[in-house]
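Have a look at the structure below before reading on. The notes that follow take it piece by piece.

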Amino acid sequence: MKKVLITGFEPFGGETINPSWEAVKALPDQIDGTIIKKLSLPVVFGKSGDMLISAINTEKPHAVICVGQAGGKASINVERIAINVDDTKTPDNEGNTPIDQPIRDGAPVAYFATLPVKSIVANLIKAHIPATISNTAGTYVCNHVMYAALHHASRHHPTFQAGFIHIPYLPAQVLEKPATPSMSLDNVVKALEIIIRSTI
């Protein structure tokens, strides 16, 4: 039986929820006969990647889909590329602010996602869910996790697919920010199910 490992993040930046974990934990445990394993990651450089790789080694999934919050975005952003750098002025949840630090010393400068990014976007739009390909996952913990997954896959599991999905705020997060885009939890969960089906 196939297995997909899908991850979300804990809250950060003063938020009380993170839509990525709210959506991931709402997914069913099986989709079309594929086992769905769910994991909440800390918003911490280093620890997040290490926890993900440990879960990959334990679960041995056929695909890894990491999900994170992209506040201010109005659509599902399917990330195309991860770069080998941690760089931020915004502290992670343990106060770390790495500047121009490689995620893996001596490793490639970037990896392309191995998820079917164009098919995912096409299938989301077909389902009337706004979606686009994004060419930067930033240099915060989201990019860190995406790079860690793809680097690990390239070295140890070249046959499995991996990538990253950025999702908008949930409506509850923008009650006092009415001009800020959001997406309902139901639509985000539906989007993740489509992404899983598109991958498997």
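In what order do the strands of the open sheet run? The order is 2-3-1-4-9-5-8, with 7 strands and mixed pairing. At the edges you'll find strand 2 (30-31) and strand 8 (131-134), each with a single partner strand, so one side of each has no neighbour in the sheet. Strands here (E, at least two residues) and helices (H or I, at least four residues) are DSSP runs, numbered from the N terminus. Two strands count as paired if DSSP finds at least two bridges between them.

A word on the source: this is a predicted model, where local features need pLDDT of at least 70 and side-chain atom pairs count only at pLDDT 80 or more, while totals for chains, interfaces and linings use all residues. Residues are numbered from 1 along each chain as its sequence is written, and side-chain values use heavy atoms, with hydrogens and water left out.

## Edges and neighbours

Strand 2 runs antiparallel to strand 3 (residues 34-41), and 2 bridges join them. Gln-30 sits opposite Ile-35 of strand 3.

Asn-77 has Thr-132 as its bridge partner in strand 8.

## Strand 9 and its partners

Strand 9 (residues 161-167) has 6 of its 7 residues buried, so the rest of the structure largely encloses it. Buried means under 20% relative accessible area, exposed means over 50%, and partly exposed is in between (1.4 Å probe, protein chains only). Strand 4 (residues 63-69) pairs with strand 9 in the parallel sense over 7 bridges, and Val-67 has Ile-165 as its partner there.

Strand 5 (residues 76-79) also pairs with strand 9, but those two run antiparallel, with 2 bridges. Asn-77 partners His-166 of strand 9, and Val-78 stands opposite Ile-165. In a regular strand, side chains alternate between the two faces of the sheet. Strand 5 is covered on both faces: Ile-76 and Val-78 are buried on one side, Asn-77 and Glu-79 on the other.

## The largest pocket

The largest pocket has a volume of about 290 Å³. Its lining holds 19 residues, and Gln-69, Ala-70, Ala-137, Cys-142 and His-166 lie nearest the centre. A pocket, on a 1 Å grid over the protein atoms alone, is an open set of points where a 1.4 Å probe fits, with protein on both sides within 12 Å along at least five of seven lines; lining residues have an atom within 4 Å of a point. Grid points are joined across faces, edges and corners, and the volume is the space filled by probe spheres set on them.

Strand 4, strand 5 and helix 4 (141-156) each give at least two residues to the lining. By type, the lining divides into 8 nonpolar, 9 polar and 2 charged residues. Here Ala, Val, Leu, Ile, Met, Phe, Trp, Tyr, Cys and Pro count as nonpolar, Asp, Glu, Lys and Arg as charged, and the others, Gly among them, as polar.

## The cysteines

How many disulfides does a search of the whole structure find? The count is 0. A disulfide needs two cysteine sulfur atoms within 2.5 Å. For Cys-66, the closest cysteine sulfur is that of Cys-142, 9.2 Å away, which is too far for a bond. Cys-66 is buried at 0% relative accessibility, and Cys-142 is buried too, at 11%.
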